[in-house]
Amino acid sequence: MKFGQVADPSQIDFTLPKDHPQTKFILNQNKKDLDNISIGCAKWNKTDLKGFYPKGTKDELTYYATQFNSIELNATFYGMPTAEQVQTWKEKTPKDFKFFPKITNTVSHFRRLLNVTDVVTQFASAVLNFDEKVGMVFLQLHDNFKPKDYERLEKFVQDWPKEVPLAIELRNTEWFTDEEVFNTICELFEMNNITNIIVDTAGRRDMLHMRLTTPNAFIRYVGANADSDYARLEDWLKRLTQWKKEGLQNLYFFVHQNIEKASPLLSSHLIKKMNEEWGTEIHIPTLADSQPTLF
């Protein structure tokens, strides 16, 4: 993922901002224990995750699912999935594996949420074939989708099929820099049980709004292929530990890199530290390459 890439990551202040006051309120409303922890990469293809797969691996998804418990499914952004394709993916993974499909770009980028009922119905019908393996569907809006388009987004949220859990990633800075606008969109999400995605990437620190609209944390972490990537993940673990104490119900954390081959390496680091801190027993992915590197 190149989004938010900068020439010199050492010049960026990677400190996580303080939580928005509403985050603690939202978490405190949840009386359930932490239900699910999903940590994974954005894709499973061998070209991007160089050094991850053992030589001779015939089916990449089947192997990936032995190492990770989830995948941020970006493939569905570029093409409408069919029920048959979803069923194939589902059958290649163990029973506790979760998929997080990105809504096709026909909805978000080409039609820009206008007249999308037919496409949304087709998409939702397809991904429901994941059955219990649907983690959460997510919508990523174009950088130039602005608050002036609020009514489109409001209608989309209100019309979304409620049986499919949904998260939304806003990218235009105007959603975050105007407090009134940000409050309006977050209240819409809260009323409709929509999870507000947090993106941690070097060049877009405004997307670290730290405001949860459900007791679910959906985080898209973009490393910079720099040594600071490790410290950033450990800072995230501290914040997640706080959220866990306050009532976090589900954690969805997906690691991206400018050079994606390092994504499994960073994911392994986070899982190892989380197991130590939380007493969890999440499988720590292994790398086929004996000398993996961030660079």
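Colleague: Over how many bridges do strand S8 and strand S9 pair?
Modeller: In this predicted model, local features need pLDDT of at least 70 and side-chain atom pairs count only at pLDDT 80 or more, while totals for chains, interfaces and linings use all residues. Residues are numbered from 1 along each chain as its sequence is written, and side-chain values use heavy atoms, with hydrogens and water left out. Strands (E, at least two residues) and helices (H or I, at least four) are DSSP runs numbered from the N terminus, and two strands pair if DSSP finds at least two bridges between them. Strand S8 (residues 216-223) and strand S9 (residues 250-257) are paired in the parallel sense, and the number of bridges is eight.

Colleague: Which strands stand at the edges of the open sheet?
Modeller: The sheet is formed by four strands with parallel pairing, in the order S1-S9-S8-S7. Each edge strand has a single partner strand, so one side of it is left without a neighbour in the sheet; these are S1 (36-40) and S7 (198-200).

Colleague: What angle does the direction of helix H10 make with that of S8?
Modeller: Axes are lines fitted to C-alpha atoms, for helices over the stretch in contact (heavy atoms within 4.5 Å), and angles run from 0 to 180 degrees between N-to-C directions. Helix H10 (residues 228-246) packs on the sheet, where it touches S7, S8 and S9, and its direction makes with that of S8 an angle of about 175°.
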